[in-house]
Amino acid sequence: MSMAESVEMEDGETLSLHQRILSDIREKILSGAWAPGHRIPFEHELTAQYDCSRMTVNKALSQLAKAGLIERRRRSGSFVRQPQSQAAVLELHDIRIEVEALGLPYRYKRLERMKRRGNAEDRSLLGLSAGPVLWLEGLHFAGERPFALEQRLINLLAVGEASEEEFLDIAPGPWLIGRVPWSEAEHRIRAMAADETIADTLDIDPGAPCLVVERRTWSAEHPVTHVRFIYPAESHTLVARFTPSQG
């Protein structure tokens with residue numbers, strides 16, 4: 001490595017220009033400064049900016065593409081890739097883990113909280129004949145981008161302490177898992193087009209395809225919660241792994 005292709009850091013450690021380019025671009029992507037679809041400067045532009053060889057730039061971009069942060073298109077250049085998470089269909093997963101697996105900072109924002117006597121729709125979703133429920137709506141973020149909209153009902157006859165929890169610092173999913181042992185779960189998966197409200201919340205175009213995962217859980221035959229996760233379809237994949245049945 002030539003001295004022209006290394007820089008001296010404040011602590012005296014030498015950082016190669018390849019590593020510096022890699023770090024600079026990664027930081028812009030993960031901070032949200034460069035959103036999905038943003039065009040990365042062309043190789044010759046980066047070569048001039050960092051005063052290095054084309055090979056050094058190509059090495060950094062290749063590593064970013066291998067990590068899934070950028071997409072390289074022949075004759076068009078390189079672009080920030082839309083992060084895509086994978087969730088196992090039958091797992092009660094924590095969305096924080098999904099987001100952090102993408103290398104992005106996670107944040108949860110509560111949008112609405114309402115304690116009420118269950119209406120007909122609430123009772124149908126939870127499988128209840130009567131009783132109070134807690135309605136929660138929140139938004140999960142990956143970096144600066146909305147990742148998933150969560151709409152949840154909690155049966156307060158089964159989880160009375162939820163009525164005192166504001167859910168400002170923690171999403172209701174991990175809170176429930178830490179307090180109520182579930183014995184049975186049901187998943188329903190469907191597609192939908194985003195209406196104007198959902199599109200505005202998820203920062204996508206009205207009519208954009210969304211993936212909807214609905215889940216009900218029970219504890220000792222008592223319904224605990226019904227939750228609906230709405231994901232922009234382009235950023236989420238469901239995965240099921242199984243083996244052949246014997247017989």
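Reply: Let's start with glutamate 71, which stands opposite phenylalanine 79 in S5. This is a predicted model, so local features need pLDDT of at least 70 and side-chain atom pairs count only at pLDDT 80 or more, while totals for chains, interfaces and linings use all residues. Residues are numbered from 1 along each chain as its sequence is written, and side-chain values use heavy atoms, leaving out hydrogens and water.

S4 and strand S5 (residues 77–80) run antiparallel and are joined by 4 bridges. Two strands count as paired if DSSP finds at least two bridges between them.

What order do the strands of this open sheet come in? There are 3 of them, arranged S3-S5-S4, with antiparallel pairing. Strand S3 (39–40) and strand S4 (70–73) sit at the edges with a single partner strand each, so one side of each has no neighbour in the sheet. Helix H3 packs on this sheet: H3 touches S3, S4 and S5, and its direction makes about 120 degrees with that of S4. Such angles run from 0 to 180 degrees between N-to-C directions, with axes as lines fitted to C-alpha atoms (for helices, over the stretch in contact).

The axes of helix H2 (residues 43–50) and helix H3 (residues 54–66) come within 9 Å, crossing at roughly 115 degrees. H2 and H3 are therefore roughly perpendicular to each other. Here, under 35 degrees is roughly parallel, over 145 roughly antiparallel, 65 to 115 roughly perpendicular, and the rest oblique.

Who actually meets whom? On the H2 side you'll find Glu43, His44, Leu46 and Thr47, and on the H3 side Arg54, Val57, Asn58 and Leu61. Sorted by type, the residues of this H2–H3 contact are 3 nonpolar, 3 polar and 2 charged. Contact means heavy atoms within 4.5 Å. As for the types, Ala, Val, Leu, Ile, Met, Phe, Trp, Tyr, Cys and Pro are nonpolar, Asp, Glu, Lys and Arg are charged, and the others, Gly among them, are polar.

Helix H1 (residues 17–30) joins in as well: its axis and that of H3 come within 9 Å and cross at roughly 45 degrees. That makes H1 oblique to H3. This crossing is right-handed. The residues of the H1–H3 contact split into 8 nonpolar, 3 polar and 2 charged.

Finally, the wider setting. The protein chain has 7 helices and 13 strands.

Definitions and conventions: Helices (H or I, at least four residues) and strands (E, at least two) are DSSP runs, numbered from the N terminus. A crossing is left-handed if the near helix is turned anticlockwise from the far one by less than a right angle, and right-handed if clockwise.
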